[in-house]
Amino acid sequence: MSRHPAVRDHCLSLVRSVDRPTGGARYGRMFPDLEPLGTDPHVLMRAGADGGICDAAAALDLGNDGDDAEQAAGWPFFGQLLAHDTTADRSPIAAGVSTDALRNARSPRLNLEMLYADGPIGAPYLFDLHDPAKFLLGAGGYDVPRNPQGVALIGDPRNDVHLFSLSLHVAFLQAHNRIVDSLRTGGVPEEDVFEQARVMLTWHYQWIVVHDFLPRLVGRRLVDEVLEDGGKWFAPESLQAFIPLEFADAAYRYGHGQIRHTYRLVEGGPELPLFPDLVGFGPVRQRLDLTQVFDVPGHPPAQRAKRLDGRLAASLIGLPEQVTGAVDQTAYKSLAVRDLLRGDTTGLPSGEEVAKLLGAPPLAEGTWPGGTPLWFYILKESEYLGDGDRLGPVGGRIVAEVLIGLLRADPASYLSLEPDWQPNLPAAGERFGLTDLLIPAGSR
């Protein structure tokens, strides 16, 4: 018999996905008046393929020769989870789908849908049958539960793509379960425990995005400006949010340029390539010590992310079939090719045109006749204007306005309901941050 029976509370709550308004999630344009760039796809494929201008080559990463960025190696993987939480375009990467017909398989909210799905009632396979307020964990507590064929039972299967995204996903599950224990110790009625734990974890996550993640990526000054003045180019009304294609298919793909070719999973361990060695979609075979990819007080500095410079590591230029599926052209194994083609398919403008519209000085890149694809432009802008450590004026503006705009358009977010709210979970330093949530003091 269950020690903690499932709570079937039918009171409406905006934080429960089952109770949210059901309007179809969609994509849209941040700069609707700009014309598509329209680069020849063959040019894009040559640029992004093995040996093209987007290929960093394994030697640079393996030698660790000057490509260390300022931030720790784990941050682009946190950014990846954030992307999975807000956007999922299921259309093919090549032409043939009208952008007006594109639909987002995720709600455009930072609400940890990738974790909770529809909660213990709508997705009971994610939760402990004997304690439905808690997530069910896999063997040893360091994996998600899996079916007999090793397929993850998980809120978003993309979080099982490699060891890093899965490890962060599991750390979030563990954080939820710790919050449940804390609420019970504090005397919260059992029927309220799950919803309070979900809101507490979600608000801490949202606060981290605004006050820990974004300042590292775009700079504190821009974050403060958007918080104070609102978005100039993206400011949807409540419940009217959408995902701009300029964000989904260009600016927020910046993180691909921060991925290293190899990583050390434990102190003193060997350096392993992300793909194929650390590919997911099966039971965890080796554990990641998160202090190896995030800076944590009391531990040596973590490995660093790769500098942003328009080039992708060898692991991403030759993705394994587990990630891409069967492809009819070798070039489709390159994530750079896929990023470039996606921006062309969805009709994105050139980076120069966006820079002109925003009043930012265009880069004198000159590599692309007719204009630079927005994704590549944003990476080069980061190299030249952000020293490879943070996004420049075009990429930074798009990312900051979209993420803060999504929070403001969500009536259940902390920024809408209680903008001065502060985290109340324990922090190792003066300010709460991501590592306080993922790596609690007791496990350090």
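Reader: Why is Leu-239 called partly exposed?

Author: In this predicted model, Leu-239 has a relative accessible area of 40%. Buried needs a value under 20%, and exposed needs one over 50%. The 40% of Leu-239 lies in between, so the residue is partly exposed.

Reader: Where is Leu-239 placed, and what is its phi?

Author: Leu-239 is in the loop between α8 (220-229) and β5 (243-244). Its phi is near 70 degrees, a positive value in a residue other than glycine.

Reader: What makes Asp-387 exposed?

Author: Its relative accessible area is 53%. The cut-off for exposed is over 50%, so Asp-387 with its 53% counts as exposed. Asp-387 also has a positive phi, about 55 degrees, although it is not a glycine. Its place is the loop between α14 (374-385) and α15 (393-409).

Reader: How do you know that Gly-119 is buried?

Author: The relative accessible area of Gly-119 is 0%. Buried means under 20%, so Gly-119 is buried. Gly-119 lies in helix α5 (residues 119-122).

Reader: Which residues does Gly-119 touch, not counting those up to four places away in sequence?

Author: Gly-119 touches Pro-124, Phe-127 and Phe-194. As for Pro-132, it is 13 residues from Gly-119 in sequence and 9.2 Å away in space, C-alpha to C-alpha.

Reader: What makes β3 and β4 a pair of strands?

Author: Strand β3 (residues 127-128) and β4 are joined by 2 bridges. Pairing needs at least two bridges, so β3 and β4 pair. They run antiparallel.

Reader: How many residues of β4 are buried?

Author: In strand β4 (residues 131-135), 5 of 5 residues are buried, and the strand is mostly covered.

Reader: Why is the pair of Phe-234 and Phe-242 called edge-to-face?

Author: The ring centres are 5.3 Å apart, and the planes stand at 75 degrees. Rings pair when their centres lie within 6.5 Å, and planes over 60 degrees apart count as edge-to-face. Both values pass, so the Phe-234 and Phe-242 pair is edge-to-face.

Reader: How many aromatic pairs does a search of the whole structure find?

Author: It finds 20 aromatic pairs. Among them is Trp-75 with Phe-294, an edge-to-face pair at 5.7 Å centre to centre with 85 degrees between the planes. This pair links distant parts of the chain, 219 residues apart. Trp-75 is in helix α3 (residues 75-86), and Phe-294 is in the loop between β7 (271-273) and β8 (304-306). Trp-75 and Phe-294 are both buried.

Reader: Which residues form one aromatic cluster with Trp-75 and Phe-294?

Author: The cluster also holds Phe-78, Phe-172, Tyr-205 and Phe-213.

Reader: Which residues have the most contacts inside the largest nonpolar core?

Author: They are Phe-78, Phe-172 and Phe-213, in a core of 131 residues. Helix α7 (residues 190-218) gives the most to this core, with 14 residues. Leaving aside neighbours within four places in sequence, Phe-172 is in contact with residues including Phe-78, Leu-112, Leu-201 and Tyr-205.

Reader: What makes Arg-287 a charge over a ring?

Author: The charged end of Arg-287 is 3.5 Å from the centre of the Tyr-142 ring, and sits over that ring. The distance limit is within 6 Å, and there is an angle limit of within 35 degrees of the ring normal. Arg-198 sits likewise over the ring of Tyr-116, its charged end 5.0 Å from the centre.

Reader: Which residues does a cis peptide bond join?

Author: The bond joins Phe-275 and Pro-276, with omega about 10 degrees. Pro-276 is found in the loop between β7 and β8.

Methods: Residues are numbered from 1 along each chain as its sequence is written. This is a predicted model: local features need pLDDT of at least 70, side-chain atom pairs count only at pLDDT 80 or more; totals for chains, interfaces and linings use all residues. Side-chain values use heavy atoms; hydrogens and water are left out. Buried means under 20% relative accessible area, exposed over 50%, partly exposed in between (1.4 Å probe, protein chains only). Helices (H or I, at least four residues) and strands (E, at least two) are DSSP runs, numbered from the N terminus. A nonpolar core is a set of buried Ala, Val, Leu, Ile, Met, Phe, Trp, Tyr and Cys residues joined through side-chain atoms within 4.5 Å. Contact means heavy atoms within 4.5 Å. Rings of Phe, Tyr and Trp (its six-membered ring) pair if their centres lie within 6.5 Å; planes under 30 degrees apart count as stacked, over 60 as edge-to-face and the rest as tilted.
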